[in-house]
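Subject: Structure handover and notes

Dear colleague,

Please find the structure below, with the sequence alongside. My notes follow.

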Amino acid sequence: MNFEITNKLIDTIKPYLENAKITISTANKDWKGRKYKSDFVTIDEKNNVGFEVFENEIIMFYFTDHYHFEDYSSELVDGGDDYVKRAKVFIIELFENKIKYIQVYKGKKLATEKYYIVYSDNTEERIGGTWWGLARILNPFAKRAEKTTIYKFNKEKGFFE
């Protein structure tokens, strides 16, 4: 591995990983095929769940979305956690709680995706999503449909279902 942070993140979720098929890649390439230095950790390949660690940033990826943790683009709030601690909290929440995934269609085209963490008291916190409205031409007269999927990490199987 290239970075010690990678070990810290894996240790954070170790109780969930005994049956997971983890892969770690250190020879990574960008979309143009150029090599770069990172640790790319895949925990649940089927559902695209894992993280990538760089020198000063962590990207958590889950299902069809991702979340960046870094401290270089803005000032830390006084008393706020650094990006590594924030990433640890986030990844624990992914594995301990349900993940609600909402897809909103306009006709047959996906218009919006939303992700929420659903806590044990049934409160929800939005953690991501994408709005495709301007990126795609949507029929304003098409029927709106919504599909909701709930994911939960199955420790015995080693993946989200």
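Helices (H or I, at least four residues) and strands (E, at least two) are DSSP runs, numbered from the N terminus. By that rule Asn 154 is found in strand 10, which covers residues 153-154.

This is a predicted model, in which local features need pLDDT of at least 70 and side-chain atom pairs count only at pLDDT 80 or more, while totals for chains, interfaces and linings use all residues. Residues are numbered from 1 along each chain as its sequence is written, and side-chain values use heavy atoms, with hydrogens and water left out.

Overall picture

The chain holds two helices and eleven strands. Along the sequence they follow the pattern α-β-β-β-β-β-α-β-β-β-β-β-β. The C-alpha atoms fill a box of roughly 50 × 40 × 35 Å, taken along the principal axes. Of the 161 residues in the chain, 42% are buried (buried means under 20% relative accessible area, exposed over 50%, partly exposed in between, with a 1.4 Å probe and protein chains only). Among contacts with a separation of 6 or more, 45% are between residues 24 or more positions apart (contact means heavy atoms within 4.5 Å).

The two helices

Two packed helices are described by the angle between their axes and the distance between the axes. Here the axes of helix 1 (residues 4-12) and helix 2 (residues 83-96) come within 10 Å and cross at roughly 30 degrees. Helix 1 is therefore roughly parallel to helix 2. Axes are lines fitted to C-alpha atoms, for helices over the stretch in contact, and angles run from 0 to 180 degrees between N-to-C directions; angles under 35 degrees count as roughly parallel, over 145 as roughly antiparallel, 65 to 115 as roughly perpendicular and the rest as oblique. Helix 1 contributes Ile 5, Lys 8, Leu 9 and Thr 12 to the contact, and helix 2 contributes Tyr 83, Val 84, Ala 87, Lys 88, Ile 91 and Ile 92.

Two strands pair if DSSP finds at least two bridges between them. Strand 3 (residues 49-53) runs antiparallel to strand 4 and is joined to it by four bridges; a hairpin of three residues links the two. Strand 4 also pairs with strand 5 (residues 65-70), again in the antiparallel sense, over six bridges. The hairpin between strand 4 and strand 5 has two residues between them, and Phe 63 in that turn has a positive phi of about 55 degrees.

An open sheet of four strands has the order 8-7-6-9, with antiparallel pairing. Its edge strands are strand 8 (124-131) and strand 9 (144-151), each pairing on one side only. The twist averages 20 degrees from one strand to the next. Seven bridges join strand 7 (residues 109-118) to strand 8, and Ile 117 stands opposite Glu 125 in strand 8.

Tyr 119 is in the loop between strand 7 and strand 8. Beyond its neighbours within four places in sequence, Tyr 119 is in contact with Glu 93, Asn 97 and Glu 125.

Two buried polar residues

Glu 113 lies in strand 7 and is buried, with a relative accessible area of 5%. Its side chain makes a polar contact of 3.0 Å with that of Thr 64 and another of 2.4 Å with that of Tyr 101. A polar contact is a pair of N or O atoms within 3.5 Å; within protein, one must be able to donate a hydrogen and the other to accept it, and residues adjacent in sequence count only if both atoms are side-chain atoms.

Asn 154 is also buried, at a relative accessible area of 15%. A polar contact of 2.7 Å joins its side chain to that of Glu 161. Not counting residues up to four places away in sequence, Asn 154 touches Phe 159 and Glu 161.

Regards
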